Amino acid sequence: MKKWTTAEMPKDLSNKLYVITGTSSGIGTVLAYELAKRGAQVIAANRNVEKAKKAIDKIQNKNDDLSSLRILKLDVSSLNSVRDFAKKIQEDNSIKQIDGLLLNAGIMALPERKVSVDGFEMQMATNVLGHHLLTSLLLPKIKLANQSVILSTSSSASSVPKNPKLWDDLNAEKKYDPWEVYGVSKMAAIHFRDGLREILKNEGLSNKIKVVATHPGLTATPLFNDSAGVFGKVFRMVKGLFMMTPEQGALSSLRAVLDPKIDDGSFIGPKGLTGFSGYPEQIKVYNPKLSLDPKLRDKLWNYCNEATGANWKL
């Protein structure tokens with residue numbers, strides 16, 4: 001089987017527009033760069049705009065034309081910031097359609113429980129709630145594309161949660177375990193994928209909008225800098241030794257949005273023996289007993305809708 005690399009990407013993406021969250025470092029920077037340098041309009045949404053600009057400047061080559069890249073302000077952990085960003089996109093007449101929404105921004109295993117400006121546990125606010133609301137608000141322009149892709153970012157850390165009762169405390173008020181909460185937030189990417197596919201099916205949009213989830217593999221990014229416990233220490237120790245580069249880690253998401261052979265509802269990740277490295281393929285989800293549990297999915301969706309006020313009527 002042929003290995004999927006950036007060489008498989010279309011050379012001309014000038015008729016496409018992508019919205020990407022979290023491009024100020026790591027995989028997100030690579031996603032924005034690889035799409036923009038092929039002519040795609042890229043809306044890069046970041047909490048720290050200057051940091052995102054510097055990240056792109058650091059990896060681009062002298063002859064790259066990145067004039068189609070726009071970096072806009074978005075703190076995905078703040079629901080008001082999400083609403084303001086989405087309003088700008090909806091009111092911008094130069095944005096005719098959205099061909100891909102890449103929900104990439106994330107934080108991992110904060111040592112202590114922190115809350116967002118809206119009072120939600122910070123990992124859930126950043127990794128789940130903000131993206132949930134953002135997707136609902138951008139759907140009117142996503143459905144205008146001939147064929148669009150919505151991508152949620154999961155992780156092998158979704159293997160960590162074992163107790164279904166965690167879905168009764170999604171704001172982690174009764175108990176806060178950094179890796180457990182992170183794992184739930186990454187399993188939520190699978191719940192999000194499956195719940196959204198059901199909504200799109202009911203709206204008659206399954207043939208126009210594909211929803212997939214990805215796992216980037218074990219990639220050396222700043223995501224590990226502040227993560228808690230033994231896992232965090234070990235990952236920081238081997239960061240430059242055994243982990244994939246951001247360029248390699250970005251391949252799962254790039255293939256998910258660009259390869260027409262990828263099926264709706266797929267899970268894309270490294271095909272290597274451990275699932276931590278390798279070239280991207282369609283693989284099985286982690287922790288399927290919980291990831292694919294419809295009752296847990298419904299709990300997650302009910303929580304997200306109530307917390308964000310998301311409206312999915314199209």
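Analyst: First a term: buried means under 20% relative accessible area, exposed over 50%, and partly exposed in between, with a 1.4 Å probe and protein chains only. This is a predicted model, where local features need pLDDT of at least 70, side-chain atom pairs count only at pLDDT 80 or more, and totals for chains, interfaces and linings use all residues. Residues are numbered from 1 along each chain as its sequence is written, and side-chain values use heavy atoms, leaving out hydrogens and water.

User: What makes Phe267 buried or exposed?

Analyst: Phe267 has 3% relative accessibility, so it counts as buried.

User: How many aromatic pairs are there?

Analyst: Searching the whole structure gives five. Rings of Phe, Tyr and Trp (its six-membered ring) pair if their centres lie within 6.5 Å; planes under 30 degrees apart are stacked, over 60 edge-to-face, the rest tilted.

User: Why is the pair of Phe192 and Trp301 called stacked?

Analyst: Their ring centres are 5.8 Å apart and the planes sit at 5°, so stacked it is. This pair links distant parts of the chain, with Phe192 in helix 5 (residues 178-202) and Trp301 in helix 10 (residues 294-308), 109 residues apart.

User: And how do you know whether Trp301 is buried or exposed?

Analyst: Trp301 has a relative accessible area of 7%, so it is buried. Phe192, at 8%, counts as buried too.

User: Which residues do ring pairs link into a cluster?

Analyst: Phe192, Trp301 and Trp312.

Definitions and conventions:
Helix = DSSP H or I, 4+ residues; strand = E, 2+ residues; numbered from the N terminus.
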